Amino acid sequence: MKIIQVVGARPNFMKVAPLQRAFQKFPEVQTLIVHTGQHYDSAMSDIFFRQLELPQPDYFLGVGGGSHTEQTAKIMLAFEKILTDEKPDIVLVVGDVNSTIACALVAVKMNIAVAHVEAGLRSNDRTMPEEINRILTDSISDWLFVTEPDGLRNLRNEGVSEEKIHYVGNTMIDSLAYYLPKFDEIDLPEDLHEKGINPNEYIIVTMHRPSNVDTEEGLKQTLSVINLAAGYKKVVLPLHPRTKNNLQKFGLENEIFNHHDIIITEPLGYLPFIKLLKDSWLVVTDSGGIQEETTYLKIPCLTFRKSTERPITVTAGTNTMISELNVALVKEKIEELAAGNYKKGQIPECWDGHTAERIAKILVKPG
């Protein structure tokens, strides 16, 4: 059996790494990794080779940026050539980026089976490109591997055949569980040590979504939240390039760059960031995956989005959704946390570090 695994954006790597380890236990399975290059920087090889223990990608497409349409089209054209040459039995895609739908669509048109890992998630906000990617990929996939109960309900409500749906858990959590025992070996950047951050004594902030940082009004609200947080604990702010560029564009750098209790860093690699995450007091974010990681680690999380495709992190976990950067609600939640009244959260079913093994057993037919 030959399986091609597709990665395109940074979160995909954390989801594929445990799958690669799981497939290696089956000698009859040959796996290839195709990296589309949808998101790429020079540090990516470090993630592949050292941090995530992934082999070098068998193919690197190097599609880079461009509009959603341009990027998707470039991936489809390049991926078609690979499928023609390799003739895999299964194409496995993860998540909801443009690489996901592009490669799934090419495979289906070439009569190659598709497995979608992290299927069934819905934000019910079709203005998000990721939502369109999720819906379309699920509609054409042969195996739908679901991370949370809401995913099951969504797929059933959409009329998906029951035999395609498999509740298996979360491969992102597999990576997190795999690396937790190794964090003593991971060093944080020197500037964080110099600033003297201590466990449970700092707040992590990650903000990069257009609605929060692309307009002057949205960015000012974001800065208000950051400054509010810094009134309670030190804030560690790994600064996304998009956010950094907009701070310069609107002349707002001084709002945070000179604040004694705001520690600004470059974007961190996966392992240093998770090490930082697990010892934090609170996380303030607009990311998707961080909602899951904080739920597993039982770290309080405030997410600045109108909707989430990961509702289990709110209903069972430690996540609270805050739309429109409601500063008053942020203050209320931080004071709840300081008083010991913030919800404790529970780890969802099957978020146990063995999801990839369950997926591999389903895909690899006996004999």
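In which kind of crossing does H7 pass H14? The crossing is right-handed. The legends below refer to a predicted model.

**View 1. Helix H3 spans residues 68-86.** The helix has 19 residues. From first C-alpha to last, H3 reaches 27 Å, close to the 27 Å expected at 1.5 Å a residue. Directly after H3 comes lysine 87, with a positive phi of about 50°.

**View 2. H3 has a buried side and an exposed side.** Gln71, Thr72, Ile75, Phe79, Ile82, Leu83 and Glu86 are buried. These residues lie on the same side of H3 because they cover an arc of only 95° around the axis. An α-helix has 3.6 residues a turn, so residues three or four places apart point the same way. Thr69, Leu77, Lys81 and Asp85 are exposed on the other side of H3.

**View 3. Strands and a helix cover the buried residues of H3.** The cover includes four named strands: S1 (2-7), S2 (30-35), S3 (59-60) and S4 (90-94). Helix H4 (98-109) is also part of the cover.

**View 4. Helix H7 packs with helix H14.** H7 covers residues 171-179, and H14 covers residues 289-297. Their axes are 10 Å apart, at an angle of about 50°. The two helices are therefore oblique to each other.

**View 5. Residues of H7 meet residues of H14.** From H7 come Met172, Ile173, Leu176 and Ala177. Their partners in H14 are Gly289, Glu292, Glu293, Tyr296 and Leu297.

Methods. Residues are numbered from 1 along each chain as its sequence is written. This is a predicted model: local features need pLDDT of at least 70, side-chain atom pairs count only at pLDDT 80 or more; totals for chains, interfaces and linings use all residues. Side-chain values use heavy atoms; hydrogens and water are left out. The expected span of a helix is 1.5 Å times one less than its number of residues. Buried means under 20% relative accessible area, exposed over 50%, partly exposed in between (1.4 Å probe, protein chains only). The arc is that of the directions from the helix axis to the C-beta atoms. Contact means heavy atoms within 4.5 Å. Axes are lines fitted to C-alpha atoms, for helices over the stretch in contact, and angles run from 0 to 180 degrees between N-to-C directions. Angles under 35 degrees count as roughly parallel, over 145 as roughly antiparallel, 65 to 115 as roughly perpendicular and the rest as oblique. A crossing is left-handed if the near helix is turned anticlockwise from the far one by less than a right angle, and right-handed if clockwise.
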